[in-house]
Amino acid sequence: MSTSLAMTLDSYRRTITTVALVLIMLVFALSSARRAVWVDLYEFFLWMETTWFGVIGKTWGAAFAVVEAFHLLAMALLGGAVFVADFRLLGWCFSDVPAQEILDKAHKVFVVSLIVVLATGVFMACGVAGKIYWLPVFWYKMLALATGILFVFFIKRPLLRRDLNDINPRVIKLVAVTSILIWVTVAATGRWIGFAGS
Amino acid sequence: MNDEAGRDKELADLETAATAVGVTVMVFFVVYWAAQIATTYDLLAMAYGW
């Protein structure tokens with residue numbers, strides 16, 4: 001009995017980890033721990049503004065603008081890679097090109113643009129750390145970004161590396177829609193930061 | 001044979017995990033954006049007396 005349960009649990013390791021992560025996040029969000037962590041992070045955000053990135057970002061508007069330009073271009077590239085791959089999975093475009101070929105090439109573009117997005121994003125965050133700390137939308141963006149990265153590297157990519165004919169077509173479509181929703185939220189909340197606060 | 005069964009199990013695990021994340025993300029997306037639209041509407045209503 002216990003052996004078969006252990007085997008079943010072992011077979012669904014990734015699912016169990018995923019559900020456990022979601023539950024931990026839910027408990028964290030609904031408990032007082034979220035506020036405690038947020039308060040503790042204040043010192044860290046103040047320190048971010050004192051770093052080289054923070055000082056340059058705050059005092060030299062042109063540098064911030066140039067880095068932001070690369071951040072937005074990388075986001076556009078990332079969005080393009082996501083849309084091309086996911087629209088192909090949904091059968092909305094490039095139906096005459098093998099899906100695996102599009103997925104592999106789009107993933108390479110995605111990885112490069114993600115690196116640029118993260119690097120430029122850290123620089124920009126340092127420059128406006130005192131502002132973004134107080135914006136709920138910034139924290140939603142970080143949640144969406146972390147979800148997106150984990151989703152791509154621990155679920156989407158390992159799943160879609162397999163022969164697509166072996167995968168349930170509904171799951172493929174669900175993965176594509178989920179991916180679009182996550183990255184649209186990342187982009188929308190990111191743009192929202194620019195309009196929020198002062 | 002064993003190798004193939006192992007791959008099938010791994011695929012089932014991946015599909016279940018993907019479904020769990022997909023449903024969670026969709027629920028979160030609907031709740032989050034519905035709340036944002038509702039609060040924005042309330043603000044506009046206060047501002048313009050709709």
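**Entry 1. Domains and overall build.** I began with the division of chain A, which consists of domain 1 (1-31) and domain 2 (39-195). The model is a predicted one. I then looked up the centres of domain 1 and domain 2 of chain A, taken over C-alpha atoms, and found them separated by 26 Å.

Next I looked up the secondary structure. Chain A has nine helices and zero strands, and I wrote its pattern along the sequence as α-α-α-α-α-α-α-α-α. Chain B has one helix and zero strands. I recorded that 29% of the 198 residues of chain A count as buried, and that buried residues make up 16% of the 50 residues in chain B. I also looked at contacts in chain A between residues at least 6 apart in sequence: 80% of these join residues at least 24 apart.

**Entry 2. The nonpolar cores.** I asked which residues touch the most other members of the largest nonpolar core. Within this core of 31 residues, they are A:Leu78, A:Ile155, A:Val175, A:Ile182 and B:Ala18. I then listed the elements that each supply at least two residues of this core: helices H5 (61-90), H6 (99-127), H8 (136-160) and H9 (169-195) of chain A, together with helix H1 (2-48) of chain B. H9(A) gives the largest share, eight residues. I also found a second, separate core of 12 residues, which includes A:Val67, A:Met124, A:Ala125 and A:Ala129.

Leaving aside residues up to four places away in sequence, A:Ile182 touches A:Ala144, A:Thr147, A:Gly148, A:Phe151 and B:Val25.

Entry 3. I looked up A:Leu143, which lies in helix H8 of chain A. Why does A:Leu143 count as partly exposed? It has 17 C-beta neighbours inside 10 Å, and a residue is buried only if 20 or more other C-beta atoms lie within that distance, and exposed if 12 or fewer do. A:Leu143 and A:Ile182 are 39 residues apart along the chain, and their C-alpha atoms are separated by 9.8 Å.

I then turned to A:Leu73, in helix H5 of chain A. From A:Leu73 to A:Ser113 I noted 40 residues in sequence and 8.6 Å in space, C-alpha to C-alpha.

**Entry 4. The faces of helix H4.** I examined helix H4 (residues 52-59) of chain A, where A:Phe53, A:Gly54 and A:Gly57 are buried. Seen down the axis of H4(A), the buried residues fall within an arc of 95°, so they line one face of the helix. An α-helix has 3.6 residues a turn, so residues three or four places apart point the same way. On the other side of H4(A), I found A:Trp52 and A:Thr59 exposed. The buried residues of H4(A) pack against helix H3 (33-50), H5, H6 and helix H7 (129-132) of chain A.

**Entry 5. Where the chains touch.** I asked how many residues of chain A are in contact with chain B. There are 23, in contact with 16 residues of chain B. On the side of chain A that touches chain B, helix H2 (13-30), H8 and H9 of chain A give two or more residues each, and H9(A) supplies the largest share, seven residues. I sorted the residues of this side of chain A into 13 nonpolar, six polar and four charged.

Technical notes. Residues are numbered from 1 along each chain as its sequence is written. Chains are lettered from A and ligands numbered from 1 in the order in which they are written. This is a predicted model: local features need pLDDT of at least 70, side-chain atom pairs count only at pLDDT 80 or more; totals for chains, interfaces and linings use all residues. A nonpolar core is a set of buried Ala, Val, Leu, Ile, Met, Phe, Trp, Tyr and Cys residues joined through C-beta atoms within 7 Å. Helices (H or I, at least four residues) and strands (E, at least two) are DSSP runs, numbered from the N terminus. Two residues are in contact if their C-beta atoms, placed from the backbone, lie within 7 Å. Domain bounds come from an automatic or database domain assignment. Ala, Val, Leu, Ile, Met, Phe, Trp, Tyr, Cys and Pro count as nonpolar, Asp, Glu, Lys and Arg as charged, and the others, Gly among them, as polar. The arc is that of the directions from the helix axis to the C-beta atoms.
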